[in-house]
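Grab a viewer and work through these exercises. Each one comes with a stepwise solution.

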Amino acid sequence: MKLHFHGAARSVTGSRHLLETRQGGVLLDCGLYQGPRDEAFRRNRHLGFDLKAVQSVVLSHAHIDHSGALPALVKAGWSGPIFATPATADLAAIMLQDSAFIQERDVEIINRREGTSKEPLYTSEDARRAAALFRPIPYHHPFQAAEHVVCSFHDAGHILGSSIVKIETENRRIVFSGDLGRASLPILRSPELLRGADTILLESTYGNRVHPPEEDEERDLEAIIKKVAGRGGKILVPAFAVGRTQHLTYRLKRLKGRIPEIPVYVDSPLAADVTEIYRRHPECHEPGTWKGGDPFGFSMLHTVRAPEESKRLNDLPGPAIIIAASGMCEHGRILHHLFHHGADERNALLFVGYQAEHTLGRRILERSQKEKTQQIRVLGRNMVFRAEVFKMNGLSAHADRPGLQAFVNEHAKTLKYAFIVHGEPEAAEDLGKWIRETTRARILVPRLGQEVAI
């Protein structure tokens, strides 16, 4: 039996791990690599494995860095089953359509600007064909991903429908963490950490960091809003349409009475659709989530769908909060808001999620630590960026170092192999060092394309 690592190896995007057994291969996630354009172009068109070796895909959750290459897989001729929880299947169907639209639009812009004739990575039709292959499986229901390969989904507490995947084959128990959530997150249930695995594939996004307590998160958010609103500014929040937007609006609703009553605009049709799916899947919610009524709505919250409505926000007087995708400022309506509002020093940019290497969000964040005024390029145009930059790690939906350690501790007595994935090298190596010191397992932070016998 072997594991092949074709993504999220010493990086946090493009999760793709192929489990090769005597009976056939099972692909754990099929995510889109997000990074420098030329490298992303190459890595997303060459998935790194033989399609004939893959009998099925087991999808941990719907985020694009875990699901976004599924239409490319289908476009290449693959047509097997894609197993996911019902909520993940619902979310992924609309997210893949949105991703296809972005692929088609971006290529059209590049071809027009550069005089090329490139094709999109995949089309809306490819996304529809991929969605048709989903096989929804509820939590805790065993299913056969390949002959003699039995899997089951267990709540990861990361986003709606997210899963830890348990795999039993050839007298082995393998557990893939997917993206592990946090016990303190609102809305979602706490992660089911399982126990007794001999092999784990463990994410390490925050493998060397500790999140602040939940009460500190709300206090910090309250302070930022009061500060920026007090000077008449607008707060721009790049946020993933899935998970982060719902988490943030829930927090804002809880802060009612503690913050000024200013309008909050969710400028994302995708986020609006995702929120409806959140409402349709209360089986994934923490008990008590609906105790105070709809957890995703309040009087000052406005959903913006039409492009004309979004453009009107360009002339919006402050104070206000604008939440828009994408979460790493790589595409989407947040770019327009950066361009129109980023030059005003009264305004602020609030990062509430991880900013991967080589993204615009990461560049702005790192430069803001050295200089208040930046020269950045947005929508193909140079601009002077003067807005104040804030970063809140505490709103992350990823487990921090103690959360990851709690996961490992549940398997420590039986653990033989631990593969540390989905983290930048420093975070992955640091977590791996702790696991090596506290268990007898063989530890590896795999390289891209590495193959390991287990």
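**Exercise 1.** Which residues of the largest nonpolar core touch the most other members?

*Solution.* Val58 and Leu70 do, out of 97 residues in that core. A nonpolar core here is a set of buried Ala, Val, Leu, Ile, Met, Phe, Trp, Tyr and Cys residues joined through side-chain atoms within 4.5 Å, with buried meaning under 20% relative accessible area (1.4 Å probe, protein chains only). Next, look at helix H4 (residues 86-114), which gives the most to this core, with 7 residues; helices are DSSP runs of H or I, at least four residues, and strands are E runs of at least two, numbered from the N terminus. Apart from this core lies another one of 22 residues, including Tyr265 and Leu349.

A quick note on the source: this is a predicted model, where local features need pLDDT of at least 70, side-chain atom pairs count only at pLDDT 80 or more, and totals for chains, interfaces and linings use all residues. Residues are numbered from 1 along each chain as its sequence is written, and side-chain values use heavy atoms, leaving out hydrogens and water.

**Exercise 2.** Find what leucine 70 touches, skipping residues up to four places away in sequence.

*Solution.* Take contact as heavy atoms within 4.5 Å. Leucine 70 then touches Cys30, Val57, Leu59, Ile82, Leu96, Ala130 and Phe134.

Key: Buried < 20%, exposed > 50% of the residue type's maximum accessible area, 1.4 Å probe, protein only.
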